[in-house]
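Colleague: Before I use these coordinates, could we go through some side-chain contacts one question at a time?

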Amino acid sequence: QVQLVESGGGLVQAGSSLTLSCAPSGRTFGSYAMAWFRQAPRERREFVAAISWSGGTTDYADSVKGRFTISRDSAENTVYLVLDSLKPEDTAVYYCAARLTDGYTEYAPRNIYNYDHWGQGTQVTVSS
């Protein structure tokens, strides 16, 4: 069982930046597609960004495209989500997710049901 540990959330003002981190506990994540989702109060969990096992393919929700950047560092065994130009509507719990791939196919799905492993979430609150 892959355990994912997120960190980096916090309370910031609109226009600020944050960097979220996600690291798997106890194993390397080299063959895993990784993604970030978020869930605001009384809303469904929604896709934010995804990255393939190699880092060569990324995908973003329209609402964050141009403001958020997903990346991965194999040496540090960590996936990052940089949140720039934050807006109050970005307030949510952000979840890291992982899916084991074949290590060849460039695969960065948006569908929540494609991911098998989830972290506990980290709260991001943006004040106006």
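Colleague: Does Cys-96 count as buried or exposed?
Modeller: This is a predicted model, in which local features need pLDDT of at least 70 and side-chain atom pairs count only at pLDDT 80 or more, while totals for chains, interfaces and linings use all residues. Residues are numbered from 1 along each chain as its sequence is written, and side-chain values use heavy atoms, leaving out hydrogens and water. Buried means under 20% relative accessible area, exposed over 50% and partly exposed in between, with a 1.4 Å probe and protein chains only. Because its relative accessibility is 0%, Cys-96 counts as buried.

Colleague: Which residue does a disulfide join to Cys-22?
Modeller: A disulfide is taken as a pair of cysteine sulfur atoms within 2.5 Å, and a search of the whole structure finds one. With an S to S distance of 2.0 Å, Cys-22 is joined to Cys-96.

Colleague: How many residues apart are Cys-22 and Cys-96?
Modeller: Strands (E, at least two residues) and helices (H or I, at least four) are DSSP runs numbered from the N terminus. Cys-22 lies in strand β3 (residues 18–25) and Cys-96 in strand β9 (residues 92–100), so the pair links distant parts of the chain, 74 residues apart.

Colleague: Which residues form one aromatic cluster?
Modeller: Rings of Phe, Tyr and Trp (its six-membered ring) pair if their centres lie within 6.5 Å, with planes under 30 degrees apart counted as stacked, over 60 as edge-to-face and the rest as tilted. A search of the whole structure finds three aromatic pairs, including the edge-to-face pair of Phe-37 and Tyr-115, at 5.6 Å centre to centre and 75 degrees between the planes. The cluster consists of Phe-37, Phe-47, Tyr-115 and Trp-118.
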